[in-house]
Amino acid sequence: MKIKKGEIEHIAVLARLYLSEEEKDLFGSQLSSILGYMENLNKLDTEDIEPASHVLSLHNVMRDDIPALSLPGAEALMNAPSSTEKFYRVPKIIE
Amino acid sequence: MELFRLTVAEARKLLDKREISATELINSVYRRIDAVEDRVRAFITLTKGQAAGMARNAGTKIKSAGPSSPMLGVPFAVKDNMCTKGILTTCASKILFNFTPPYESTVTSRLNDEGYVLVGKTNMDEFAMGSSTENSGFHVTRNPWDLKRIPGGSSGGSAAAVAADECIAALGSDTGGSIRQPAALCGVVGMKPTYGRVSRYGLVAFASSLDQIGPITKDVRDSALLLNSIAGHDPLDSTSAPVSAPDFTAALGRDIKGLRIGIPGEYFIEGIDPEVARAVRDAIRKLESLGAVPVEVSLPHTGYAVATYYVLATSEASSNLARYDGVKYGFRAEGKDLMEMYMKTRSQGFGAEVKRRIMLGTYALSSGYYEAYYRKALQVRTLIKKDFEEAFKSVDVIVTPTSPSAAFKAGEKADDPLQMYLSDIFTISVNLAGVPALSVPCGFTPDNLPVGLQFIGKHFDEESVLQLAYAYEQATDWHKRDPDL
């Protein structure tokens, strides 16, 4: 199978990645060959097979609601590239 | 004997008898690092200052009365995807080049409680995506047995550090073989416990349904000891299993007479290096001579494991790695608006393999393809899991090669992602099924490169795996060889 360039560009936007023209070509051909390999899975009839959502038989995991301290704001913001008071700073969102 | 050569168990004895001090031990390890690290390059961050303090504290505790915790004063290397509070944790990615976690992962927190000594944080493939550690965003790690070759991956730094005696033991993480394959290629012992056995809290997520932390050690006893320290339920990880962990060392030394070992024909295929196949067949004969009973089994969906894995792992990764957007931590590239900032940050911060996998996963999950790829792969995962359930009806443990070849040369597979993915062919099914497995050294190729033997157990039966691996190790002396550095 061969992925078209337009499709690579569309996926890149969904993945929030800018790709150079070179990367588009390279990923286009590499993804085509990897996806081609993945299509081997279609040789298997999985009509009545349940998808494996989890390898162990764990279901919803509940815990008691016990109040506890969370990470102090200053520590939570310690790694932020930009912050002000108690907030993360980002570029303008609204036009 | 140089102290840096000690195992955890040996160090424990000498420390408790006060024949050596924790400070002498860490100093010896650091002397070793000074001598070999510029060639091996196993570490991203060395924590010499902290280590000295941790060793002093351990020394004080050992001197005071009362029994020592098993890891008290023992120098460890930790893969750089486990959060260590106040200590740089980069995942070998430029996008986290300056990330200092404000909290501690559960595994390192448990080792801290026991008074371990952190030697440093080890190199890896960026976000654990790779099989050679060549995908590190910072530098390439070399195999201590042959510096022209890769150490395996993604826990290549941890495996190389253990093999080169730059630490006493290490922690790695394993999503598709990332503990076992580098352990095999570096001639050390690596274990991936049952999914859910060890808490993933504070492990930077790659593929959450497959990731598991485990020990990389110089021998099988240390593997059991370290698993004792890190295993057990953790309320902070809702996928950690609510089962109590046994004393894993109790399995060591138990007679293996009558244990049934399954030999799956699908793992002795064309394409496997004949030297690897020969070493593994010799190992099976050795196990037989010790009383184990080989039984042929079939894992019929083995040939689909790599495809299944790369659909599921990349899908989960594309979702998990959405958090790296330049807002909360790490690298940010400036942009005129939010979208441009996101896209520039991610494009400049991630390396090629990470971008490739995010693209693959995004494609597999995107509208119109979800059913064909992601859902299909989940169904095949069920079949792979059932293969193991079926095989384990007639055997106690399954024995296979860990990797189809010994360590390959740096650069050899770097340009062909699919060839690189196929080097995980014998380790991947284990993660898909969630079962435990361990790699132990079982010989050397004519080029003096280590070969690994893989033991695969039932869910939560690490004990049988350790029992067999220990019996094999005690009957051989592969693990006693050291690389000539």
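Modeller: Let's start with a term: a lining residue has an atom within 4 Å of a point of the cavity, and a cavity is a place where a 1.4 Å probe fits but cannot get out. Keep in mind that this is a predicted model.

Biologist: Okay, which residues line the second largest cavity?

Modeller: That lining is made up of B:Asn81, B:Ser173, B:Asp174, B:Thr175, B:Leu203, B:Val204, B:Phe206, B:Asp211 and B:Gln212. The volume of this second largest cavity is about 40 Å³.

Biologist: Let's turn to the two chains. Why is the pair B:Lys355 and A:Glu23 called a salt bridge?

Modeller: The rule wants a side-chain nitrogen of Lys or Arg within 4 Å of a carboxyl oxygen of Asp or Glu. Here a Lys meets a Glu at 3.0 Å, N to O, so the pair passes. The rule finds one salt bridge across the interface of chain A and chain B, along with 18 residue pairs in polar contact.

Biologist: Which elements of chain A give two or more residues to the side that touches chain B?

Modeller: Those are α1 (5–14) and α2 (21–38) of chain A. The largest share, nine residues, comes from α2(A). By type, that side of chain A has 34 nonpolar, eight polar and 10 charged residues.

Biologist: How do you know how big the interface is?

Modeller: The size of an interface is often given as the accessible area lost when the parts come together. For chain A and chain B the buried area is about 5400 Å², with 71% of it from carbon and sulfur atoms. A:Tyr18, A:Leu41 and A:Val55 supply 13% of what chain A buries against chain B, more than any other three residues. Counted by contacts, 52 residues of chain A meet 70 residues of chain B.

Terms used: Residues are numbered from 1 along each chain as its sequence is written. Chains are lettered from A and ligands numbered from 1 in the order in which they are written. This is a predicted model: local features need pLDDT of at least 70, side-chain atom pairs count only at pLDDT 80 or more; totals for chains, interfaces and linings use all residues. Side-chain values use heavy atoms; hydrogens and water are left out. On a 1 Å grid over the protein atoms alone, a cavity is a set of points where a 1.4 Å probe fits but cannot get out, and a pocket is an open set with protein on both sides within 12 Å along at least five of seven lines; lining residues have an atom within 4 Å of a point. Grid points are joined across faces, edges and corners, and a volume is the space filled by probe spheres set on the points. Contact means heavy atoms within 4.5 Å. Buried area is the accessible area (1.4 Å probe) that two parts lose on being put together, summed over both. A polar contact is a pair of N or O atoms within 3.5 Å; within protein, one must be able to donate a hydrogen and the other to accept it, and residues adjacent in sequence count only if both atoms are side-chain atoms. Helices (H or I, at least four residues) and strands (E, at least two) are DSSP runs, numbered from the N terminus. Ala, Val, Leu, Ile, Met, Phe, Trp, Tyr, Cys and Pro count as nonpolar, Asp, Glu, Lys and Arg as charged, and the others, Gly among them, as polar.
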